[in-house]
Amino acid sequence: MHDDRSLVEQRLDRVLTERLRPAIYSHRVPLTVRAWTAPGEPVPFARARTADYEPVRSGDPWGPPWSTVWFHLTGEVPADWAGRRVEAVVDLGFEADRAGFQCEGLAYTPDGVPVKGLNPRNAWLPVAASARGGERVEYLVEAGANPLIGQPSGPTTLGERETAGSEPLYRLGRLDLAVLETEVWELVQDLEVLNGLMRELGLRDPRRFELVRALERALDAIDLHDVAGTAAAARKQLTEVLSRPANASAPRITATGHAHIDSAWLWPLRETMRKVARTTANVTALMAEHPDFTFAMSQAQQLAWLKSQQPALFAKVAERVATGQFVPVGGMWVESDTNLPGGEALARQFVHGKRFFLEEFGLETREVWLPDSFGYSAALPQLVRLSGSRWFLTQKISWNQVNRFPHHTFAWEGIDGTRVFTHFPPVDTYNSDLSGKELAHAAGNFAEKGHATRFLVPFGWGNGGGGPTREMIARAHRTADLEGSPRVGLGTPRQFFEAAEAEYPEPPVWVGELYLELHRGTYTSQARTKQGNRRSEHLLREAELWCATAAVAGLADYPYEALDRLWKTVLLHQFHDILPGSSIAWVHREAEATYAEIRAELEELIAGALRALAGEGDATVVFNAAPHATADGTPALGAAVATARPDPVPVRLTGTADGGHLLDNGLVRLTVDARGLVTSLVDLAADREVIPAGAAGNLLQLHADLPNAWDAWDIDSFYRNRHTDLTGVERLTAEVDAAGVATVSVVRHFGASRVTQRTSLRPGTGLVEFDTEVDWHEVEAILKVALPADVHTDRCACEIQFGHVYRPTHGNTSWDAAKFEIPAHRFVHVAEPGYGVAVVNDSTYGHDVTRATGVDGVATSTVVRLSLLRAPRYPDPRTDQGLHRFRYALVAGAAIGDAVREGYQLNLPPRRVPGGTGVAPLVTVDNPAVVVEAVKLADDRSGDLVVRLYESLGGRAAARLRTRFPATGAYHADLLERPLADAEPVTLDGADDGGSVALRLRPFQIVTLRLRR
C-alpha cells in the first residue's frame, strides 16, 4: 500500500500553522493599555493599584533586566459578541517556546484577586464564557522582565542586576479582546492528537492508514476562507477514529499535572516566589473548569512563600487540596540536592516538609518527589521510610551519559538494607506536553514491559511556564481510550503508586546509590556556597546540643523559633541548583550573605548557652560538640575544665640537605621537600611508609576544564588528559609555635592566582594537617590537590549521610569508569587488609580516587584527590573568583572508625570559654561505632529530649545509651518525632540522676529516641 502520510503531514502542518491556529480567535478589538515601572524590587498590589500609569501601545519597549512593569488593561466587550466566549489575549512580547525563561506576568482583578499567569504558552485571560455584550474589562498585570539567559550558554552579565544593563528587553505584542472560536479550538485539539498518533504508528500498522484517510477527509471539509463556519463539519470526519477504543494490552498512563519550579536557578529567590504565584493561579483556575484535573506540587517552602505573600491564592490551593485536585507531594522542604547535604540536614528536609503539609492541609505525603536532583544518595531509602513515606520518584537518571539504567519500576535498597518502591517515568521528562510523540516514547521505552503495564507521566510547563494547559488536558481526554495510543488517565501520584505496587509486588532490586553520570562538577562549583552550607550544618548541631543542655539544666530557654527559622533557611539553600553551584551570580551572592547572617546568629546562640553552662570562674572550660571524646579527654557532647598540663613536647623540626624540612613527633615522621611537598610520611608505630616511592603529597594540580555543555554542572572525563603540577616556589618557611605545632609554609604563583599551603604536625597525634589559602583568578580550570597513599585497593569508602559507600578505584566496566568524579562528605578512606589511610576535610565534596603505577611499574598505590575550585563561566562568569581557604588532613594507619572520628573533629573543633565548671553530657553511648548525630529538644515543646544516632562502620552494634537527667520513659520515633510504627518497645532502666537504654543496631541503621523528662 502506498504511504501518503508525508503528504498529509505537510498539508496538515501548513493548515494548522497558517489557518487553523490563527482562526482560534476572531473579531479582535484592542485593549487600552497603560504602564508603570516599579522602582527597584517588586511591590505589592496595593502600591501598584495607586501608581501613576502612562499610555503605551503594541510595539513599545518595556522592561530593563529584572525590572517589574505593571500594565493596566481596560476594554469593553462589543454588544454584538453576546453569547460568545470572550477572552483577553495578552502578548507581553513573548519569544516562542521559552516558557519560564523570559518575561512572565500575573493578572489581578481591580480589587487585587490573582486570576492567572501569563507566558508564551498561556497568553489569555478569562472575560466571559457567554458574554452579554457591553461588559467592562479591567486587569492589572504584574510583569517581570526576566532576562532570557539561555540554557546552556556562554558567559553572560545578565545574572546579576548590577551588570545586566538598563536597556528594555521586550516589546509589547498585541493586547486584544477576542472571541474564542470554541469549535475551531476543539478541531485543533482533535487534529493535533491524531496527527501525533499517526506519526508514531509503524509502517505496517493499518491504524496509521485509517488516520491518514480520516485526516484527509477532515482537511477536505475545511473551507480555508471560513474556518469557523466549517470546523464542525471537519470534526465530524474524525468522530469515528477518535471513538475507537484502545487495545486491551495498551499500557496505562497516570497523567499528573506538574510544574517543576526551580527554587532558584537562572533567577533569584524573589522571582521564584512570583513564579509560584503565577503557576498556582493557573492551575487552580484550570481546576474550576476541569474537575478531573489533578496537579502535584512539591517543595513546602514554595507553598510557605505563597501563604505569606499571596494569602488569597493560598486559600484557593487549600480548597483544592481538600477536594483532592491539588496534591502536595515530596514531603521535603525543597527538592534538595541529595549528594551534598549532611545527614541531619537531609533528615530535616523531611521533617519540615512533611510537617508543613500536615499542619496546613492535614495531609501525610507518602511519595518522595525529586525529578531533577543530580544523583541520589544511598542513605535516602532509610530516610524515606523513617519519614513515614513509601515511594520514590525521579527521572534524572535518564540523563546518564553512558549507561542506560535498566529499570523504570523497581525496589531501591539503601546502605542499611531498607527498600523503597521506586519509579522513573519512562517519558524521560518531568515537563511532558502529552503529545503523541512523548506518549509513544514512554510506551516504547518502558523497561518493565511484560511485567508491568502502568507508568506515570508528569505533564505541564515548568519554571514559571505556567504548568499544565487546557490543551494538555484536552489531549489527555482524547487519549483516555484511543486505539493505537496508551490509555491516559488523569490522576494522582498516590493512585499510580498504589496500583503499580499492587500490580508488581516483586520488582527487581537496585542496591546502592543512584549515581548520575552527568553534572559531576556540581560537587565543586561555587565553593563559598558549599562552605557556607557545611559550616551552617555543624553550627546548627552545636546550637541545638548546647541550647538543649542549658535548657535541661534550667539555665536558659530553648530557642525554638530561631532554630526552626534557621534550619528552614539552610534547607532552602540546599535546593538542587543553589548548593550544587549551578545558579546565576545573584543567587550565590545572596547565599553568601545569608550564610554569614546564619553564622552570626548561631554563634550568638552557642555563645549564650556556653556562658550559662560554664558558670562563673577564672578557669577555661573546653566544650566538645563532636560525638567522640577529644585526645585531651574532653567528653563527647560535654565539657571539661582545662587542667594545667606540662608544656607539650614540641614537634622536632630539622632541615634537610635538599632545603626541605623533617617533622617528627614520635608517632609519625614527615618530610616536606624544598618544593613544599610531602615526599615521606612514616607511620612509626606501624613502621610503614605512607607516601609511595617517587610520589608527592599535597600536590596541587591544575587542569583545563571546558566541558562540552553545562559549564557549572559538568566535568567531562577528558579533563584528565592533561594537567600541570604546581611546584613553583616563591617562598618556603618553617616554624614551631608556642603550642609545639610545627608548620612548613610555601607560597606559589600560577597564572593569575596565588596560593599559600601550610603543612602542620601537632604533638601527640598522627594527623598531618593541611591549610590551603587560594586567591583564585583562573578561568575554565579546575584545581585539585593530590594525596597519594601506598595502599593497594580496588575501592574507596566515601562518607555519605549516616554512613559510607564503597566506590571503585578502577574503570573495569562502563559503570565503574563513569564514576571518575565522586562526592564525599567529611572523609574518604582507602585500605588494604591490615592498614588504611583517611583523608578528611572541612568543606570539600568533589573527589577522585584512582590506582597509581609506581616506579617499578606495579599498581599498588592509590591517589586521593580533592577538587578544591572550578572556574566555569556559565551561568556565573565569575564563579569562585577571589579568596578561599580549605582545611584537610591525612590520617595514617586509619580504620573506618578513625576516619569517622577525625572527620567530625575537624568540622567540630572544641570551644574554649572562661568559666568554672565542666558539663556532663546529656547522653553518652558506650560503643564508638554508634555515633550521636543530633541532640535537641522535641519540636512540640513538650520538653522531651530527642537523640538521633546511627551505626557508622557498616556492621552490627550493641550499645547502651545513658542519660544524665531523670527520664520517665523512652520510645523509638520517626523523623517527625512521632512513635515509630512496628518498632520494638524501649526499656528504660531508670535512676534518679538518669537512665539507660540498651540498643541493637543493624549496619548503618538510624535510630531516633525520644526521652520523656
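Gln1005 is found in the loop between strand E52 (994-1001) and strand E53 (1006-1012), where helices (H or I, at least four residues) and strands (E, at least two) are DSSP runs numbered from the N terminus. The model is predicted, and local features need pLDDT of at least 70, side-chain atom pairs count only at pLDDT 80 or more, and totals for chains, interfaces and linings use all residues. Residues are numbered from 1 along each chain as its sequence is written, and side-chain values use heavy atoms, with hydrogens and water left out.

**The E52 region**

- Gln1005 counts as buried, at 17% relative accessibility; buried means under 20% relative accessible area, exposed over 50%, and partly exposed in between (1.4 Å probe, protein chains only).
- Not counting residues up to four places away in sequence, Gln1005 touches Gln382, Asp416, Leu949, Tyr950, Glu951 and Arg1000; contact means heavy atoms within 4.5 Å.
- Leu999 is found in strand E52 and, at 6% relative accessibility, counts as buried.
- With residues up to four places away in sequence not counted, Leu999 touches Leu949, Ala957, Ala958, Ala959, Leu961, His972 and Leu1009.
- Leu999 and Asp262 are 737 residues apart along the chain, and their C-alpha atoms are separated by 41 Å.

**Gly257 in strand E13**

- Gly257 belongs to strand E13 (residues 252-257) and is buried, with a relative accessible area of 0%.
- Its contacts, leaving aside neighbours within four places in sequence, are Phe293, Thr294, Phe295, Ala296, Phe459 and Pro468.
- The C-alpha atoms of Gly257 and Arg1000 are separated by 44 Å, and these residues are 743 residues apart along the chain.

**Aromatic rings**

- A pair of aromatic rings is described by the distance of the centres and the angle of the planes.
- The structure holds 36 aromatic pairs; rings of Phe, Tyr and Trp (its six-membered ring) pair if their centres lie within 6.5 Å, and planes under 30 degrees apart count as stacked, over 60 as edge-to-face and the rest as tilted.
- The pair of Phe410 and Phe424 is edge-to-face, because the ring centres are 5.1 Å apart and the planes stand at 85 degrees.
- This pair links distant parts of the chain, 14 residues apart: Phe410 is in strand E18 (residues 409-413), and Phe424 is in the loop between strand E19 (419-423) and helix H12 (436-445).
- Phe410 counts as buried at 0% relative accessibility, and Phe424 is buried with a relative accessible area of 4%.
- Trp510 and Trp815 form a tilted pair, because their ring centres are 5.7 Å apart and their planes are at 45 degrees.
- Trp510 lies in strand E22 (residues 509-511) and Trp815 in helix H18 (residues 814-817), so the pair ties together parts that are 305 residues apart in sequence.
- Trp815 counts as partly exposed, at 32% relative accessibility.
- A cluster linked by ring pairs contains Phe101, Trp265, Trp267, Trp710, Trp713 and Tyr874.

**Charges over rings**

- Lys275 lies over the face of Trp267, at 4.1 Å from the ring centre; a charge sits over a ring if NZ of Lys or CZ of Arg is within 6 Å of the ring centre and within 35 degrees of the ring normal.
- Arg208 lies over the face of Phe209, at 5.2 Å from the ring centre.

**Helix packing around H3**

- The axes of helix H3 (residues 182-200) and H12 come within 8 Å and cross at roughly 40 degrees; axes are lines fitted to C-alpha atoms, for helices over the stretch in contact, and angles run from 0 to 180 degrees between N-to-C directions.
- H3 is therefore oblique to H12; angles under 35 degrees count as roughly parallel, over 145 as roughly antiparallel, 65 to 115 as roughly perpendicular and the rest as oblique.
- In this contact, Gly196, Leu197 and Glu200 of H3 meet Gly436, Lys437 and Ala440 of H12.
- H3 and helix H5 (residues 227-236) pack at an angle of about 45 degrees, with their axes 8 Å apart, and are therefore oblique to each other.

**Backbone features**

- Most residues other than glycine have a negative phi, and most peptide bonds are trans.
- A cis peptide bond joins Tyr874 and Pro875, with omega about 5 degrees.
- His519, in the loop between E22 and helix H15 (527-552), has a positive phi near 60 degrees and counts as buried at 2% relative accessibility.
- Asp880 lies in the loop between E43 and E44, and its phi is positive, near 65 degrees.
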